[in-house]
Amino acid sequence: MTPEQVLAKPWRRRAYWHTALALAVLVAVFLLARRHWPVLETGAVRLALADQGWLLVAAAAALVTWPCAALAQQGAVPRRLPPGRLVAGQFAASAANQVLPAGLGAGAVNLRFLIRCGLSLGDAVTAIAVKGTAGGIARGAMVAVLFAAFPGVLHLPHFSGGILVAVFTAVTVAVLLLVGPLWPRCRRAPATVWAYICAVHARPARAVALWGGSLAFVVLHCAVLIAVTRAVALPLPPARVALLYVAASSAAALLPTPGGLGSLDAVLALALTAVGAPATAAASAVLGYRLLTVWLPLIPGLVVLAVLVRRRAL
């Protein structure tokens, strides 16, 4: 059995579970949107009358996110990748991520791209995991820095000790049940991954590209939302908007909908209204952010994906 066949079954099983959960979340979000439809409609009208200059700034920031994603992916690979195809691949991956459950679309596109560039299956999977880990660490660092600067923005809930122990026990049991049967096959993986990470960081240019690209990607998404809030005259400090975005996007990642569809929209709107933004202004900001980062690039991204597949670049 080939490595591709070994990975196919767990990948397919994961896709089924993610699809089922994504559909459940989308149904819940649809019902919530239907209930608050007048607010969404008013927010859309407000977005149509927004400041065009700030919307252009937001669009420019959104355009630069894909080169930053390509820079981070190059940083996770020791060998040099073709830059043009790399940026096109990230653009196509972002579109694929909007039509498949959380991360599966982008992961599949990047995996095929790296294999086409000559990486082995194991190295390609490791490179994608390294890039994803760097992105998560960059988000965590931004949350920590901004939360220290604005400690009153996020109000963390207080849990009793019993609840924390129960959650920790449940997570531990779930991890043991999932990892236990696979451990004989995966026990060599940590050493292999660590050797790969050391090879990447042995080259300073790769390390700078990985961490710089990952951080810039998050910062630019924050910039898109900040510019949109300015366009719709939402009076919130930029650093506070950035903190709300990073926290909301991290929370929405726990709900595996395609591209955070519905989950990110709802969490981000709730976060903005929780700090005093009017509901219509919050709806306008979220709609504008999603329009520039998801809906407008979606069709061009799918076209690029089809061209790359046709040319056997994926």
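Threonine 229 touches Leu234, Val241 and Ala285, leaving aside residues up to four places away in sequence, where contact means heavy atoms within 4.5 Å. This is a predicted model, in which local features need pLDDT of at least 70 and side-chain atom pairs count only at pLDDT 80 or more, while totals for chains, interfaces and linings use all residues. Residues are numbered from 1 along each chain as its sequence is written, and side-chain values use heavy atoms, with hydrogens and water left out.

- Threonine 229 lies in helix α10, residues 204-231, helices being DSSP runs of H or I with at least four residues and strands runs of E with at least two, numbered from the N terminus.
- Threonine 229 counts as buried because its relative accessibility is 1%; buried means under 20% relative accessible area, exposed over 50%, and partly exposed in between, with a 1.4 Å probe and protein chains only.
- Cysteine 117 also counts as buried, at 15% relative accessibility, whereas cysteine 198, with a relative accessible area of 37%, is partly exposed.
- The structure holds zero disulfides, a disulfide being a pair of cysteine sulfur atoms within 2.5 Å.

**The cavity**

- The count comes to one cavity of 30 Å³ or more, a cavity being a set of points, on a 1 Å grid over the protein atoms alone, where a 1.4 Å probe fits but cannot get out.
- The largest cavity has a volume of about 40 Å³, a volume being the space filled by probe spheres set on the grid points, which are joined across faces, edges and corners.
- Its lining consists of Trp66, Phe91, Ser94, Ala95, Gln98, Thr293, Val294, Pro297 and Leu298, where lining residues have an atom within 4 Å of a point.
- Helices α4 (83-96) and α13 (279-310) each supply at least two residues of this lining, and α13 gives the most, with four residues.
- By class, the lining has six nonpolar, three polar and no charged residues, with Ala, Val, Leu, Ile, Met, Phe, Trp, Tyr, Cys and Pro counted as nonpolar, Asp, Glu, Lys and Arg as charged, and the others, Gly among them, as polar.

**The protein as a whole**

- The protein has 13 helices and zero strands.
- Of its 314 residues, 38% are buried.
- Among contacts between residues at least 6 apart in sequence, 77% join residues at least 24 apart.
- The accessible surface comes to about 17100 Å², of which 73% belongs to carbon and sulfur atoms, as given by the Shrake-Rupley method with a 1.4 Å probe.

Terms used. 1 Å grid on protein atoms, 1.4 Å probe; cavity = no way out; pocket = protein on both sides within 12 Å on 5 of 7 lines; lining within 4 Å.
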